[in-house]
Amino acid sequence: MGYLHFPAMAAWLFGLCVAAALMPELAEGKTRHYTFNIQYHNVTRLCSTRKIVTVNGKFPGPRLLAREGDRVLVKVVNHIKENVTIHWHGIRQLRSGWADGPAYITQCPIQTGQSYTYNFTIIGQRGTLWYHAHISWLRSTLYGPIILLPRRNESYPFVKPYKEIPIILGEWFKADPEAVISQALQTGGGPNVSDAYTLNGLPGPTYNCSSNEVFKLKVKPGKTYHLRLINAALNDELFFSVANHSLTVVCADATYVKPFTTDILLITPGQTTGVLLKTKPNFPNATFLILTRPYFTGAGTLDNTTAAGILEYEHPLSSSGTPSSIKTLPLLKPSLPPINGTKFVNVTQFVQNLARKYRSLDSAKYPAKVPQTVDRKFFFTVGLGTSPCPKNTTCQGPNGQKFAAGINNVSFAMPSVAMLQSHFFAQSNVTYRTDFPSNPIVQFNYTGTPPNNTNVINSTRAVVIPFNTTVELVLQDTSILGAESHPLHLHGFNFYIVGQGFGNFDQNKDPAKFNLVDPVERNTVGVPAGGWAAIRFLADNPGVWFMHCHLEIHTSWGLKMAWIVQDGPQPNQKLPPPPADLPQC
């Protein structure tokens with residue numbers, strides 16, 4: 001290769017600078033390097049010690065910080081005996097599907113002693129997201145926050161907070177969660193439930209033998225705090241409240257929303273919520289409980305406990321507070337709705353009313369780009385079902401069968417080779433089928449009396465759509481084995497929740513009530529128990545994109561599928577080749 005002479009090189013460099021100036025992501029972004037060592041770590045909770053899977057020996061994992069426009073490189077090194085992958089939940093992964101992370105969908109797992117570098121750029125996102133393992137139930141402890149700051153010299157569209165604090169809601173099992181799911185899949189019954197909920201990994205004083213395992217939020221009077229809330233629980237939607245303090249919601253799934261104030265939040269697994277908490281103007285002579293507990297709509301067993309943290313004001317007489325006097329202050333408690341949404345119908349209505357308060361900010365700078373016309377319409381039932389018990393075995397599921405779950409009655413069978421590789425190298429015929437049903441195979445009264453045959457079809461199927469297709473998808477809960485709320489997460493996209501309701505979706509009446517002006521933009525939607533949710537999105541991201549229920553047991557039972565978005569005609573509309581270090585199966 002020849003060398004450029006100086007004038008030619010100067011012109012070339014000038015052109016490069018101009019190009020960079022025209023592309024803000026290149027001009028302003030920096031490259032951030034992280035190393036995540038996946039390793040075991042002994043952790044004691046509730047008076048019992050367990051070996052857990054962590055990032056760098058930390059639980060929860062370390063925060064990943066980036067600005068909009070930054071490129072992020074995370075080298076993940078597997079030091080444990082289990083295979084592992086990491087999903088960067090909510091990151092758009094525009095043309096970087098190889099870095100999305102779900103095992104056997106976009107990559108083969110990282111095997112023991114191996115490493116893989118996830119490489120992606122933050123485009124058009126700011127707020128709170130999170131990362132977690134995306135294989136089996138390893139995400140029960142392998143998770144951490146992603147903090148996406150605005151570009152340099154750009155501000156939030158809300159008051160600048162005094163301090164920002166991530167609060168991750170989780171679940172704690174005394175048993176190994178891998179053994180829990182293994183046993184459930186073997187017997188066909190429901191899994192053993194968790195022993196506690198946690199705030200930043202700590203159960204709090206509401207549990208026996210947990211008085212020293214308490215998350216404390218220490219604050220000063222007259223300040224505004226930005227709480228970055230994440231629900232990382234395996235199987236539970238969670239209420240959240242702080243005694244005697246209102247929360248102003250400003251962000252959802254790393255998109256800005258029209259601010260609204262509430263005393264109680266509901267966050268489904270997978271969702272994030274940014275809230276502003278304004279402290280009392282003066283030292284209040286009290287401490288305040290922070291509580292989280294489940295919202296339950298199913299028919300199975302439940303961890304019906306409540307986790308607690310403490311909001312503690314810094315004493316005006318001491319820079320570090322005065323522990324002796326703090327202990328004598330009254331401890332105020334918030335009131336949370338009843339846990340069981342099937343017994344208390346008003347709880348489910350409260351949850352639905354709360355969901356309707358979320359609206360896109362839809363400002364000149366952050367417009368809501370809702371697809372006004374639709375190229376393809378899909379109607380997916382989401383819910384439970386059954387699989388026959390294998391011969392000469394006893395199963396503990398419904399009527400002696402095995403629990404299963406599916407979308408349009410198809411229970412997704414995980415392939416043994418990553419779908420994205422098969423798609424890229426045009427080898428789909430050996431890995432998956434492309435005839436996923438656009439509508440239910442068998443139609444019935446979805447929220448009424450269920451059909452006699454509840455068996456699912458086990459198959460690896462995907463929907464294939466052209467680049468830039470506008471999609472409308474109605475997600476309909478079913479009453480098979482009990483109506484239940486389902487938090488559906490779509491990888492690779494944000495979508496607009498244009499409508500929600502109870503009962504069966506009515507194609508003739510319900511679309512007229514859709515909000516096509518400022519619906520909330522999210523990556524995870526809570527489909528109401530015994531109801532439906534309608535979403536719209538633009539398929540502008542080539543690749544293979546997983547969609548699944550974020551209740552992990554439902555995913556394990558098969559409530560999942562994949563969307564394949566074909567390449568567009570232009571070079572910047574095509575999926576690049578896989579990186580050299582992509583793990584092999």
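## Exercise 1: Positive phi

C47 is exposed, with a relative accessible area of 55%; exposed means over 50%, buried under 20% and partly exposed in between, using a 1.4 Å probe and protein chains only. Before going on, note that this is a predicted model, where local features need pLDDT of at least 70, side-chain atom pairs count only at pLDDT 80 or more, and totals for chains, interfaces and linings use all residues. Residues are numbered from 1 along each chain as its sequence is written, and side-chain values use heavy atoms, with hydrogens and water left out.

**Solution.** 
- Step 1: Recall that most residues other than glycine have a negative phi, and most peptide bonds are trans.
- Step 2: For the peptide bond, look from F59 to P60: the bond is cis, with omega near -10°. P60 belongs to the loop between β2 and β3 (64-67).

## Exercise 2: A covered strand

**Task.** Find out how many residues of β19 are buried and which strands pair with β19.

**Solution.** 
- Step 1: Now the neighbours, where pairing takes at least two DSSP bridges between two strands. β11 (residues 216-219) runs parallel to β19 over 4 bridges, with K218 bridged to E312.
- Step 2: β18 (residues 287-295) pairs with β19 in the antiparallel sense over 5 bridges, and F288 has L311 as its bridge partner.
- Step 3: Stay in β18 for L289, which is buried at 10% relative accessible area. Its contacts (heavy atoms within 4.5 Å), leaving out residues up to four places away in sequence, include A308, G309 and I310. L289 and E312 are 23 residues apart in sequence and 8.8 Å apart in space, C-alpha to C-alpha.

## Exercise 3: A helix and its ends

**Task.** Which residues of α3 are buried, and what caps its N-terminal end?

**Solution.** 
- Step 1: An α-helix has 3.6 residues a turn, so residues three or four places apart point the same way.
- Step 2: In α3 (residues 177-187) the buried residues are P177, E178, V180, I181, A184 and T187. Their cover includes β2 (48-55) and α7 (552-557).
- Step 3: At the N-terminal end, D176 is the cap, with a side-chain oxygen 3.0 Å from the backbone nitrogen of E178.
- Step 4: After α3 comes G188, with a positive phi near 80°.

## Exercise 4: A buried serine

**Task.** What does the side chain of S411 reach?

**Solution.** 
- Step 1: Locate S411 in strand β23 (residues 410-412).
- Step 2: S411 counts as buried because its relative accessibility is 3%.
- Step 3: The side chain of S411 reaches the backbone oxygen of W557 at 3.0 Å.
- Step 4: Leaving out residues up to four places away in sequence, S411 touches A405, G406, V456, I457, N458, S459, W557 and G558.

How values were computed. Helices (H or I, at least four residues) and strands (E, at least two) are DSSP runs, numbered from the N terminus. A polar contact is a pair of N or O atoms within 3.5 Å; within protein, one must be able to donate a hydrogen and the other to accept it, and residues adjacent in sequence count only if both atoms are side-chain atoms.
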